[in-house]
Amino acid sequence: MAVETAAAKYSSSSWPWSNKRFFVAQITLRILATAFSLAAVSLMITGTQTVLVFLVQMKVTYSSSSAWRFLFGANIVTCILSVLSLIFVCLISRSASHMKYFLLFLHDMVTMVLLISGCAAASAIGYVGKYGELKMGWGPVCGFAPKFCNRSTISLVLSYLAFLCYMGLTILSAHKLLSRATE
């Protein structure tokens, strides 16, 4: 019983600045996720390179690979959903309910899973592009298109940063949801 009163005394809902900190963290992480995903998309679009391989001119772009197209789409969806959820968070700050926190948690989790799946697919293809898979007869191609590979790597890092923002948002939303359930 003493443990319950101590936990209730220091719970996040009784902390005077907890709601303000929650919303500031939500807004900050959503703005960062938007910025990271938008920067990743812009690097993918501008990362095209024309290369000459065995006297054949080829244009290397993100749309050449289904994994990079998937990451591109995941970043666009993340950017749009981040802006929409930013509006939702501003609205939720006025009248918060258990259902609104649940929807926020669900949104954050789905967006996080979408991003990590895109990042994982692009990481696998990026690894093969950089190092090859010699047992399969696939040689590394980054030596032929270094501009594309460098921009793709930076874009992938930015996508992982957006994922980390959404992982933090999912944890924050889950914590807020659980703290509201114990009230």
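Modeller: What follows takes the aromatic pairs in turn and then moves to one helix. The model is a predicted one, and it holds three aromatic pairs.

One of these pairs is F22 with Y101: the ring centres are 5.8 Å apart and the planes stand at 70°. Planes over 60 degrees apart count as edge-to-face, so the F22 and Y101 pair is edge-to-face. F22 belongs to helix α2 (residues 18–46) and Y101 to helix α4 (residues 98–131), so this pair ties together parts that are 79 residues apart in sequence. F22 is buried, with a relative accessible area of 6%. Y101 is buried too, at 2%.

Y127 and Y131 form an aromatic pair as well, with 5.0 Å from centre to centre and 45° between the planes, which makes the pair tilted. Both of these tyrosines lie in helix α4, four residues apart, or about one turn of the helix.

K176 lies over the face of F22, at 5.2 Å from the ring centre. K130 lies over the face of Y131, and here the figure is 5.9 Å from the ring centre.

Helix α3 is the other part to look at. The helix covers residues 66–92, which is 27 residues. From its first C-alpha to its last it reaches 37 Å, close to the 39 Å expected at 1.5 Å a residue. The N-terminal end of α3 is capped by S65, which has a side-chain oxygen 3.3 Å from the backbone nitrogen of A67.

A67 is itself among the buried residues of α3.

Leaving aside neighbours within four places in sequence, N75 is in contact with S37, A40, V41, M44, L115 and S159. Of these contacts, S37, A40, V41 and M44 fall within the residue range of helix α2, and L115 falls within that of helix α4.

Methods: Residues are numbered from 1 along each chain as its sequence is written. This is a predicted model: local features need pLDDT of at least 70, side-chain atom pairs count only at pLDDT 80 or more; totals for chains, interfaces and linings use all residues. Side-chain values use heavy atoms; hydrogens and water are left out. Rings of Phe, Tyr and Trp (its six-membered ring) pair if their centres lie within 6.5 Å; planes under 30 degrees apart count as stacked, over 60 as edge-to-face and the rest as tilted. Helices (H or I, at least four residues) and strands (E, at least two) are DSSP runs, numbered from the N terminus. Buried means under 20% relative accessible area, exposed over 50%, partly exposed in between (1.4 Å probe, protein chains only). A charge sits over a ring if NZ of Lys or CZ of Arg is within 6 Å of the ring centre and within 35 degrees of the ring normal. The expected span of a helix is 1.5 Å times one less than its number of residues. A polar contact is a pair of N or O atoms within 3.5 Å; within protein, one must be able to donate a hydrogen and the other to accept it, and residues adjacent in sequence count only if both atoms are side-chain atoms. Contact means heavy atoms within 4.5 Å.
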